[in-house]
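Dear colleague,

Here is the structure I said I would pass on. My notes follow below it.

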Amino acid sequence: MSAKATGIFLLLLVLLAVPQAAPESDTVTCRKMKGRCSFLLCPFFERSTGTCYNGLAKCCRPFW
């Protein structure tokens, strides 16, 4: 095996060994912040702090 082929082979091994980090969805982020998803307006005494379901719903959290 040539030096170039060995280098390419080692590079492929490293790329396969490194785990790929997937971005966290907005719904998971909302749940981690103790929020809940609502397709309508947020209930009384709650505020909208983001989105859920890829922007289709609101993430609602209590004021306190």
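This is a predicted model: local features need pLDDT of at least 70, side-chain atom pairs count only at pLDDT 80 or more; totals for chains, interfaces and linings use all residues.

Disulfides

The structure holds 3 disulfides. With the bonded cysteines numbered in sequence order, they pair 1-5, 2-4, 3-6.

In the link of Cys 42 and Cys 60, the S to S distance is 2.0 Å. Cys 42 sits in the loop between β1 and β2 and Cys 60 in strand β3, so far as the chain goes 18 residues apart. Both Cys 42 and Cys 60 are buried.

The sulfur atoms of Cys 30 and Cys 59 are also bonded, 2.0 Å apart. This disulfide is right-handed, because the torsion about its S-S bond is about 90°. Cys 30 belongs to helix α2 (residues 26-32) and Cys 59 to strand β3, so the bond ties together parts that are 29 residues apart in sequence. Cys 30 is buried at 1% relative accessibility, and Cys 59 is buried at 1% as well.

Cys 37 is joined to Cys 52, S to S 2.2 Å, and with -80° about the S-S bond this link is left-handed. It ties strand β1 to strand β2, the two cysteines being 15 residues apart in sequence. Cys 52 is buried at 0% relative accessibility, whereas Cys 37 counts as partly exposed at 21%.

Salt bridges

A search of the whole structure gives 2 salt bridges. One is between Glu 24 and Lys 32, with the closest N and O atoms 2.7 Å apart. Glu 24 is partly exposed at 45% relative accessible area, and Lys 32 is exposed at 57%.

Arg 36 and Glu 46 form a salt bridge at 3.2 Å, N to O. The pair links strand β1 (residues 36-38) with strand β2, 10 residues apart. Arg 36 is partly exposed at 46%, while Glu 46, at 17%, is buried.

Surface and annotation

Phe 39, Leu 40, Leu 41, Tyr 53 and Leu 56 make up a nonpolar surface patch, together about 630 Å² of accessible area. Of these, Tyr 53 lies in the loop between β2 (46-52) and β3 (57-62) and is partly exposed, at 36% relative accessibility.

The unreviewed UniProt entry carries the annotation "domain: Beta-defensin-like" for residues 26-61. In the model, that span is 19% helix and 42% strand, and its end C-alpha atoms lie 14 Å apart.

Regards

Definitions and conventions: Residues are numbered from 1 along each chain as its sequence is written. Side-chain values use heavy atoms; hydrogens and water are left out. Patches are made of residues with over 30% relative accessible area and no salt bridge: like charges are joined within 9 Å, nonpolar side chains (Val, Leu, Ile, Met, Phe, Trp, Tyr) within 5 Å. Accessible areas come from the Shrake-Rupley method with a 1.4 Å probe; for residues, only the protein chains shown count as cover. A salt bridge is a side-chain nitrogen of Lys or Arg within 4 Å of a carboxyl oxygen of Asp or Glu. Helices (H or I, at least four residues) and strands (E, at least two) are DSSP runs, numbered from the N terminus. Buried means under 20% relative accessible area, exposed over 50%, partly exposed in between (1.4 Å probe, protein chains only). UniProt positions are given in the numbering used here, feature names are shortened, and annotations may be inferred rather than shown by experiment. A disulfide is a pair of cysteine sulfur atoms within 2.5 Å.
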